[in-house]
Amino acid sequence: MIRNFIITAWRNLKSNKVFSFINVFGLAVGLTCCMLISAYLYNELSYDTYADNAKQIYRVALHSNGDNAAADFPNVDIAVGQGIKNAYPEVLATTRMTRMGNVFVKYAGQQFKEESVVLGDPNFLSLFSIPLLAGDTKTALIEPNSMVITKDFEKKYFGNSSGMGKMIIVNNNPTKITGVIDKVPDNSHFHADAFLSLITYAGPKVKQTWSNVGYFTYLLLDKNANPAKLEAAFPQLVAKFVVPETQHDMGVSLAEAQKSVNTFKFFLQPIQSIHLHSATRYEFEANGDIHYIYIFGALALFIMLLACINFTNLSTASSSKRAKEIGIRKVLGSEKNKLVWQFLTESIMLTLLALLFALGLVYMLLPYFNNLAGKNISMGFFLNYGALALEISLTLFVGLIAGIYPALFLSSFKIISILKGGGSSQPANKSGLRGSLIVFQFAISTGLIIATFIVYQQLHYMQNKKLGYDKDQVLVIYDTNTLGNNINAFKQQLLTDSRVVNATISGNVPGTNSMGGTEIYSPDMTNSKGSRSEIQCGIYWVDNAYLPTLGIKLASGRNFFPPSPADSISVIVNEAAIRDLGFGNANPLGKTIVRSGQHHFTIVGVVKDFNYRSAKQNIAPLMMLPSTNSKGAIMVKVKTADVHQLVADIKTKWDSYNASAPFSYSFLDQQYASLYKIEQRTGQIFTSFAIIAVIIASLGLFGLAAFMIRQRVKEIGIRKVLGASTVSITSMLSVEFLKLIVIAALISFPITWFAMYKWLQDFAYRITIQWWVFVAAGLIALLVAGITISFQSIKAALANPVKSLRSE
């Protein structure tokens, strides 16, 4: 019997090639989207699960809450981890790592700049269960100037030879390769090409302090430990270690220093939650966002629903063509349950064909999807036993769910009505269910179109917002510290070029995390409680050319003088700092700012607020200190149409100084645009899925319109005989569907507005949602639907009525 079901199903599919293709293609596209998005979600949710004891590992973070500002830091001071372990027996182990920044490595006469080298404790790799291919995990990072490298790093320097035991020069220090790993797993919140022993730079002679930040610190807790209870005990350590340091460093009374117990709070982050739930300013790498997991999960579900709706709509609408088949089967004694299984068999065969088609589409689209999503998902992910079992189960489930209603609907036709030529007991074009399903499809499609518009509007707004500085045609030259004492000579040589407007030496490039941080207060100002306002503040070290080069405007006061002792205690601050320090309408010029409790500076200028970080964040307080030693970069304001030639000429000048690093540069506007990679990726994904959703909905509408019009072919013939024009018939057939599209748009508008309004709340600077976006999306949906329907409507209106009325 099963064989008979399959043979009959196959014959039916072959006899309806066009609509079988629409069903298979729609389901395949839906399954492809669902599979790709599911792979993305699985990858995102599996971050930091690779360690053997991942559920017991926590990162120590810091919440600093000043008078007017609060900040979270993902790293703490050098002594915090070991101090916590010594104090609480439930902490089994602790380990640390910290960034090294740019590192210059020499070997065999070649030199490279490495941007992904970290300092790590001896037990760092073992705590995270990162195995060594060569070397001993327990001893590889014990000695100073020891380094563990990845296979890619090894191949880069040593080719196909082993790097074990060989010596390289790291920042002018001889360093021994003591271990080789394959790589840090892709689904990790940190990545590095090499690990240098932390003791190389942070040996026993380094002061063990608690009140600063910079070391990513992890704790391995006992299985039975209570993280919340451990967190609750941290204020005792603050009182014991941070308060005395604060009193000493800031030169304040014990009572004033004891406020640190309330404003300086350590807390724990499970490592498995870091990637999706931690978004502090100083993360080791840019993390994901749990909100996007919900968004993309909903997208996968909606697109799969669209494909299922297509199947249900087309199957029920095709009832008229199969009515006599069903009637004859019933007359010959076929039972209802066998008819149900017949139609379910056809449904499942369609979905299994769609699965095969979907796997082929996944294979073709996976490289593009990886590039779009920033992932490295392989085809093997979809073909392992577990994945295949899940895919087949999902496909069978979809086949049953999508086919159950058509099966029950078709098998319930009354024999007398069928054999009289009436078809189903309910005319297909009167079906409220099918109309509801079309509304649902186009509501989703219209919502995705609206979301795409808004995402791109917000992205355009952030990228083109007035930042308070000029980012256009500013060339950033990196690694200028390698020029040594020649840096000023190099800058002066650049200024002799007529294409160079100005140049400034500073490692603090807007749009990057290349900045310091501190706590400041003004002894000249007090808050409403009569005490001074202590705030978190960023630090830029700049020269007197910084402001004019970047076009940063002064609100009051003056710029720094050329390098001079007269500015040794001068400071320029932004308007946000003045506001948070409590100056109000008072004149801040000439007033004192105290940094870290000991260093006193006089305010000589106030700059207008500028977005030195992402426009997703509010402008935070910033202080600028005069410096001739901030040599990390030179920013060059240029004015030329031939930028490529200018860059080539600057490279020639660079090479003439025999710098120990290769010429490396970028443009400031490109650096700023890179801050919004996640938003750009979101926009691209929304666009892709909006197009796919519209295509699936249009395919369903095309097939449904064809069946509806086929049922009304005699009616159309009679109307033509009675004098109806082609335009009036086309309009009559189209209006019924277009009404449904209008209803879908009206349902979609408020829901999408609310969802996108909530999404925009994550941005400090955001657009206002405009009414025309909804009108445009609705018109696009109407246009797509109108074009889809018109093919069938015009074809029916132009048909010869003699053919449709011949049987009468």
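Biologist: How many strands form the open sheet, and in what order?

Modeller: This is a predicted model. In it, 4 strands form an open sheet, ordered β15-β23-β14-β24. Their pairing is antiparallel.

Biologist: Which strands stand at the edges?

Modeller: Look for strands with a single partner. From one strand to the next, the twist averages 20°.

Biologist: What joins β14 to β24?

Modeller: Strand β14, residues 474-478, is linked to β24 by 3 bridges, and the two run antiparallel. For a residue pair to find on screen, take I477, which faces Y665 of β24.

Biologist: Which strands does helix α18 touch?

Modeller: Helix α18 spans residues 487-495 and packs on the sheet against β14, β15 and β23 (633-638). Its direction makes about 165° with that of β15.

Biologist: And where does helix α21 lie?

Modeller: Helix α21, residues 643-656, lies across β14, β23 and β24. It runs at about 30° to β14.

Biologist: How do the axes of α18 and α21 cross?

Modeller: Read the distance and the angle together. The two axes come within 11 Å and cross at roughly 150°. Angles over 145 degrees count as roughly antiparallel, so α18 is roughly antiparallel to α21. The crossing of α18 past α21 is right-handed.

Biologist: Which residues meet there?

Modeller: From α18, pick out F490, Q493 and L494. Their counterparts in α21 are I650, K653 and W654. By class, this contact holds 4 nonpolar residues, 1 polar and 1 charged.

Notes: Residues numbered from 1 in each chain as written. Predicted model: local features only at pLDDT ≥ 70, side-chain atom pairs only at ≥ 80, totals over all residues. Heavy atoms only, no water. Pairing = 2+ DSSP bridges. Axes fitted to C-alpha atoms, helices over the stretch in contact; angles between N-to-C directions. Contact = heavy atoms within 4.5 Å. Parallel < 35°, antiparallel > 145°, perpendicular 65-115°, else oblique. Left-handed = near helix turned anticlockwise from the far one by under 90°. Nonpolar A, V, L, I, M, F, W, Y, C, P; charged D, E, K, R; others polar.
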